[in-house]
Amino acid sequence: MIVVMKRSATQQDIDSMVEHVEELGLKPVVLTGTERTVVALIGDERSANVNALESSPGVDEVHPILAPYKLASRELKQESTTVRAGSLAVGNGHVGMIAGPCSVENEEQIVSTARAVKAAGASALRGGAFKPRTSPYSFQGLKEEGLKLLATARDETGLAVVTEVVATEDVDVVVEYADVLQIGARNMQNYRLLEAVGQTRRPVLLKRGPSATIDEWLLAAEYILDGGNPDVMLCERGIRTFETHTRFTLPLASIPYVQQRTHLPVVADPSHGTGHTALVPAMARASIAAGADGVIVEVHPNPDHAMSDGYQSMDFAQFEEMMRECRPIAAAMGRTLGSDE
Ligand code: PEP
Ligand code: MN
């Protein structure tokens with residue numbers, strides 16, 4: 001439920017509304033907008049008496065939030081959220097461009113990639129140090145050593161680092177090195193992990209599970225927001241369908257659909273979404289045209305020799321060309337791309 005305060009409401013009116021909500025055993029979330037303040041009631045609302053809330057001093061109106069997710073909902077917060085992490089800005093006209101290898105392999109690989117993607121206009125560096133792999137025999141990542149190499153690449157280039165955390169027990173070490181915590185598709189419904197990153201104050205990139213509905217995805221975001229972490233970016237990385245020509249199916253309609261339902265920014269991942277290098281630039285362009293607030297892609301100095309996901313990774317020249325092709329599309333959408341001013 002949301003209580004919309006009048007423009008003329010005083011701080012005292014807001015404070016007593018907060019107290020009243022706490023007395024009901026609900027969690028008050030105060031959103032101070034440019035025009036007026038809204039107090040959201042989070043929890044089991046059955047104890048709330050709408051008439052009593054409506055007649056409290058300074059209250060304009062009370063209405064329910066119909067969506068199953070509350071804090072993520074546009075019904076609660078109409079203005080779109082911008083998520084910032086160092087060099088990266090995502091949302092409200094900033095198309096964040098995140099690029100880098102699937103996995104961090106060695107210093108030369110990650111630092112040369114960071115330099116190349118930065119020169120082409122990327123605003124953040126991606127790279128997996130902890131890798132969730134389908135097979136237990138595949139490369140599992142360099143773990144803490146990989147995080148250190150990402151920090152070196154950040155020191156060299158100033159690019160913010162986006163890297164995955166796969167387990168609750170790794171959250172502390174990843175937070176030490178990362179600017180953005182990535183929650184992988186396979187972990188989207190790992191609720192203890194979502195709670196753990198919700199307790200941190202690092203922005204989170206929440207990938208959509210390959211078989212998760214949009215409501216399940218937004219409810220996963222709700223876990224993080226409910227922990228008190230407001231900086232969540234949603235990442236559409238493709239879903240599993242009957243089609244086998246592409247690795248996953250990248251549903252571009254979910255970008256504007258999700259943006260209608262949530263104030264959180266939406267990032268597209270055409271690398272995992274297609275699984276083919278040759279398809280990535282076209283789907284990056286299409287994602288920006290569909291209104292994506294960011295794009296994350298895999299880039300490797302030598303994709304043929306990558307330790308993971310080489311078949312969907314671009315080399316430096318391909319990434320540079322993709323950025324060149326994306327620029328006029330972002331401009332046509334009235335947005336700036338990556339590190340462009
Ligand atoms: C990745 O980003 O390399 C990755 C494993 O992605 P996803 O979780 O979307 O499969
Ligand atoms: Mn990958």
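The following dialogue examines how several features of this predicted model are classified.

Visitor: What rules apply to the numbering and to the values?

Guide: Residues are numbered from 1 along each chain as its sequence is written, while chains are lettered from A and ligands numbered from 1 in the order in which they are written. The model is predicted, so local features need pLDDT of at least 70, side-chain atom pairs count only at pLDDT 80 or more, and totals for chains, interfaces and linings use all residues; side-chain values use heavy atoms, without hydrogens and water.

Visitor: Why is the pair of Tyr191 and Tyr223 called stacked?

Guide: Rings of Phe, Tyr and Trp (its six-membered ring) pair if their centres lie within 6.5 Å; planes under 30 degrees apart count as stacked, over 60 as edge-to-face and the rest as tilted. One aromatic pair is counted by this rule. The ring centres of Tyr191 and Tyr223 are 4.6 Å apart and the planes stand at 25°, so the pair is stacked.

Visitor: What makes this pair a tie between parts apart in sequence?

Guide: Helices (H or I, at least four residues) and strands (E, at least two) are DSSP runs, numbered from the N terminus. Tyr191 belongs to helix α6 (residues 191–198) and Tyr223 to helix α7 (residues 214–226), so the pair ties together parts that are 32 residues apart in sequence.

Visitor: Why does Tyr191 count as partly exposed?

Guide: Buried means under 20% relative accessible area, exposed over 50%, and partly exposed in between (1.4 Å probe, protein chains only). Tyr191 has 28% relative accessibility and therefore counts as partly exposed. Tyr223, at 31%, is also partly exposed.

Visitor: Why is Ser103 called buried?

Guide: The relative accessibility of Ser103 is 1%, so this residue counts as buried. Ser103 lies in the loop between β7 and α3 (107–119).

Visitor: How do you know that the side chain of Ser103 makes a polar contact?

Guide: A polar contact is a pair of N or O atoms within 3.5 Å; within protein, one must be able to donate a hydrogen and the other to accept it, and residues adjacent in sequence count only if both atoms are side-chain atoms. The side chains of Ser103 and Ser308 make such a contact at 2.5 Å.

Visitor: Where is Lys143 found, and what is its phi?

Guide: Lys143 is in the loop between β8 (124–126) and α4 (144–157). Lys143, although not a glycine, has a positive phi of about 55°. With a relative accessible area of 39%, Lys143 is partly exposed.
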